[in-house]
Amino acid sequence: MPKSSATAVAHPNIALIKYWGKREQASNLPAVGSLSITLDALRTRTTVSFDSSLAADRLILNGAAAPAEQPRLISCLNALRALAGSQDSALVESVNDFPTGAGLASSASGYAALAVAGAAALGLDPRDPRLEEVARIGSGSAPRSLFGGFVLLNNTPSGTHCSCLQPPQDWPLQVVVAVTSEAGKAVSSRDGMTDSQHTSPYYPAWVETHEADLSQAQAFIAQRDFLGLAELAEHNCLKMHAVMLTTRPALVYWSPVTLACMQKVQELRAAGIPVFFTIDAGPQLKAVCLPEAADEVAAALAAVPGVLRLIPGGLGEGARVIPADG
Ligand code: PMV
């Protein structure tokens, strides 16, 4: 096949009901379902070019080779090639407009953009549901970034299945990301999850109580019950961090600044401001709020000593093909 390429953009997503742990390593199947919101403020742009004259797959991430990412990338490209019946190697050029590997879900947007751009380059439908599996091979949270707004990842006996619960405009929450460190994380989610599964005494309780959190969150979203969702999302986030903290060796993804931001958000909510926090495998805090509170939340977080910068934004669309010069 001659050279064929396509470009896609995708946004990271943050889970309000998290996933942590796998039920199967090889195909990266999660132990639990999850529920996320897709962010519009952060963006990955990826071009995939399949070319029969290339000797091997190659990744250029943010302008440089990224050998550590190569095995996951090749597994995803193999899955795409199998769907399309292609044997060509690919050049993948991907750029994030935000810190990579620092708890801002760059792998979610990265692998969602890769799946969509790669599918389009191979002549597959970029909305083919099988792309959920391709994206999941790269990152367990990546299939969620194929969709916009509020996204449910259902953990089914045969795999996973994502759906959009509500598009961004139906409940236009705002998200203020407080960046507290630009450094990459010390322990990847993938390694951290495996350690948690094997060593945290709280891991079984995390899995057992998860389904109830997921169904309650869906009810709060359907009813637009912000305060119900706020209390539940913080609880679910802290439950995941309790598993992380009780892993051996301990996974402490917070910094003192993360903790100061958490306290600030709880202070704001106690004072009647509709906001809650969530934190993933990194020190950044994501404050989720109703639109009318966004300016006040941003001002309060900007004043927390150690916050490097804020990334404010709303809810975003799912991964999509764009023109090569877009
Ligand atoms: O997508 P992964 O495999 O890197 O895992 C992400 C896990 C968390 O971000 C901590 C939680 C989640 O559900 O996004």
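Which residues make up domain 1 and domain 2 in the domain assignment of the protein? Domain 1 covers 4-167 + 316-322, and domain 2 covers 174-313; the bounds come from an automatic or database domain assignment.

A quick note on the basis: this is a predicted model, where local features need pLDDT of at least 70, side-chain atom pairs count only at pLDDT 80 or more, and totals for chains, interfaces and linings use all residues. Residues are numbered from 1 along each chain as its sequence is written, and side-chain values use heavy atoms, with hydrogens and water left out.

| Item | Value |
|---|---|
| Distance between C-alpha centres | 23 Å |
| Area buried between the domains | about 3,100 Å² |

Contact means heavy atoms within 4.5 Å, and buried area is the accessible area (1.4 Å probe) that two parts lose on being put together, summed over both. Carbon and sulfur atoms carry 68% of the buried area. On the domain 1 side, Ile17, Lys18 and Trp20 lose the most area to domain 2, together 28% of what that side buries.

Now for a helix pair. Helices α7 (residues 226-245) and α8 (residues 256-270) pack at about 160°, their axes 13 Å apart. Helices here are DSSP runs (H or I, at least four residues), numbered from the N terminus; axes are lines fitted to C-alpha atoms over the stretch in contact, with angles from 0 to 180 degrees between N-to-C directions. So α7 and α8 are roughly antiparallel to each other (angles over 145 degrees). From α7, Leu227, Ala230, Glu231, Glu234 and Leu238 meet Met262, Val265, Gln266 and Arg269 of α8.

Methods: Helices (H or I, at least four residues) and strands (E, at least two) are DSSP runs, numbered from the N terminus. Angles under 35 degrees count as roughly parallel, over 145 as roughly antiparallel, 65 to 115 as roughly perpendicular and the rest as oblique.
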